[in-house]
There are 2 protein chains.
Amino acid sequence: MQNDKSKILEKYFPFWEKLSDEQQQRLCINSVIGKYKKGANIHGGDGSCTGAIIVMKGSLRAYLLSENGREVTLYRFQKEEVCMLSASCVIPSINFDVVIDAEEDSEILIICGNAYAETAKENIYAENFALDTAVKLFSDVVWVMQQTMFMSLDKRIAVFLWNETSKTNSTTVYITHEQLARYINSAREAVTRMLKYFASEGIVALFRGGIKILDFGKLEKLAL
Amino acid sequence: MQNDKSKILEKYFPFWEKLSDEQQQRLCINSVIGKYKKGANIHGGDGSCTGAIIVMKGSLRAYLLSENGREVTLYRFQKEEVCMLSASCVIPSINFDVVIDAEEDSEILIICGNAYAETAKENIYAENFALDTAVKLFSDVVWVMQQTMFMSLDKRIAVFLWNETSKTNSTTVYITHEQLARYINSAREAVTRMLKYFASEGIVALFRGGIKILDFGKLEKLAL
């Protein structure tokens with residue numbers, strides 16, 4: 001089991017060879033493999049330092065939560081990605097309260113924040129990796145901000161539908177209005193209203209649990 | 001002159017001693033001191049890599065600009081601060097187009113992005129400083145996002161007025177509606193409407209070029 005964790009850490013941490021035996025052992029001992037059901041909360045909102053997270057299976061969603069329950073998704077961590085947003089004790093300047101849930105059934109490795117922080121203090125390569133991993137999200141978060149603040153709702157929905165159908169090479173997207181609203185950081189009511197308008201324009205057909213694209217030409221015009 | 005720049009770099013770059021003579025000289029040679037009038041554009045929006053900026057006098061405003069001219073202020077760099085948002089060739093993952101203007105008459109030192117990038121590639125301490133400087137803004141940007149997306153306009157205006165009067169220990173804030181709107185990332189019309197409502201409630205009195213707080217009790221209630 002210790003050996004398993006060591007192999008995972010070696011794979012995901014490019015600085016592994018730069019660590020002393022003692023530092024490697026410290027990270028191993030202070031790591032734990034966890035399985036989380038879809039929707040389960042992993043880190044959250046209470047200012048605590050969970051630690052660095054390696055996603056081995058599934059995916060995680062990191063989001064901001066307002067006092068009155070509004071959510072803004074900052075980033076979705078896919079398999080093989082490392083999350084440092086949950087490690088404020090490693091990077092003290094990352095001090096906003098982000099909530100992280102499993103978006104699918106997921107298996108993750110959590111490296112205790114204090115153990116990582118101690119290692120980062122001793123070893124600049126470990127510190128560098130943490131900073132670099134965090135900075136990589138910066139642009140994604142600014143992109144979300146631009147999308148939600150600058151782009152009109154019709155465009156955001158059109159871009160989402162366009163991307164999804166391109167990805168799956170299908171004319172149908174299986175998603176509820178609630179889920180779509182969450183993806184593009186909007187409210188369910190507003191999304192439903194806009195989808196009905198899209199349907200009245202003959203761009204899409206709506207059915208329970210999904211959206212079928214009828215007119216890709218019109219959709220593209222909206223998305224561009 | 002070369003000597004002047006060397007002194008500035010030594011003061012602001014904590015990794016200076018970790019550099020070789022050659023690296024120090026490279027950064028010196030590739031630095032330039034510039035004076036910018038209030039409102040002048042320093043970096044911007046066109047995807048180019050200006051470099052790292054040290055603010056020696058004045059202050060800079062970094063903001064996002066939408067296609068239809070809407071602005072969202074991300075951060076204000078004050079005297080003695082270092083800006084890395086203008087150095088996408090140093091940190092490739094910072095790839096959003098930010099515009100940076102002088103907010104007051106300012107004097108800055110710009111270290112050419114390529115020279116810094118070359119040094120960062122050779123020297124992990126230089127890289128670490130760049131990453132750390134960038135990460136420090138991450139939380140500020142998320143904070144802006146939370147403010148503009150989660151907080152109602154009345155609260156944002158009240159918080160702004162409360163902070164300004166506390167800072168200056170005065171009952172009056174000298175600011176135009178246009179400037180206030182820019183500070184809190186809103187539209188001028190919406191701010192004017194809300195200020196008129198504040199005035200009708202007896203919270204403030206409006207005059208040309210400023211806002212006088214009449215009822216600090218009511219203002220605090222709004223701001224909390």
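Reply: Start with contact: two residues are in contact if their C-beta atoms, placed from the backbone, lie within 7 Å. The model is predicted. By that cut-off, the buried residues of α2(A) pack against α1 (2-12), β1, β8 and α3 (113-122) of chain A.

Me: Which residues of helix α2 of chain A are buried, and what makes them so?

Reply: They are R26(A), L27(A) and C28(A), in a helix that spans residues 21-29. A residue is called buried because 20 or more other C-beta atoms lie within 10 Å of its own. R26(A), L27(A) and C28(A) pass that test. Across the 224 residues of chain A, 34% count as buried.

Me: What else makes up the fold of chain A?

Reply: Chain A has 8 helices and 11 strands. Its C-alpha atoms fill a box of roughly 65 × 30 × 30 Å along the principal axes. Of the contacts with a separation of 6 or more, 68% are between residues 24 or more positions apart.

Me: How do you know that β1 and β8 of chain A pair?

Reply: Two strands count as paired if there are at least two bridges between them. β1(A) and β8(A), residues 106-112, are joined by 6 bridges, so the pairing holds. The two strands run antiparallel. One bridge partner in β8(A) is E107(A), which faces K35(A) in the bridge.

Me: What is the strand order of the sheet, and why are some strands called edges?

Reply: The order is β1-β8-β3-β6 (chain A), an open sheet of 4 strands with antiparallel pairing. β1 (31-36) and β6 (82-83) of chain A each pair on one side only, and are the edge strands.

Me: Where are the domains of chain A, and what joins them?

Reply: The assignment gives domain 1 (2-148) and domain 2 (151-223). Their centres, over C-alpha atoms, are separated by 32 Å. In the contact, 6 residues of domain 1 of chain A meet 4 residues of domain 2 of chain A. On the domain 1 side, β5 (71-77) and α4 of chain A are the elements that give two or more residues. By class, that side has 2 nonpolar, 3 polar and 1 charged residues.

Me: How many residues does each chain give to the contact between chains A and B?

Reply: Chain A gives 28 residues and chain B gives 28 residues. Helix α4 (residues 124-150) of chain A gives the most to its side, with 19 residues. That side has 17 nonpolar, 7 polar and 4 charged residues.

Me: What makes a set of residues a nonpolar core, and which members touch the most others in the largest one?

Reply: The members are buried nonpolar residues joined through C-beta atoms within 7 Å. The largest core has 96 residues, and Y116(A), A134(A), V141(A), Y116(B), A134(B) and V141(B) touch the most other members. Apart from that core lies another, of 14 residues, including L180(B), A181(B), V204(B) and L219(B).

Notes
Residues numbered from 1 in each chain as written. Chains lettered and ligands numbered in written order. Predicted model: local features only at pLDDT ≥ 70, side-chain atom pairs only at ≥ 80, totals over all residues. Buried ≥ 20, exposed ≤ 12 C-beta atoms within 10 Å, placed from the backbone. Nonpolar A, V, L, I, M, F, W, Y, C, P; charged D, E, K, R; others polar. Domains from an automatic or database assignment.
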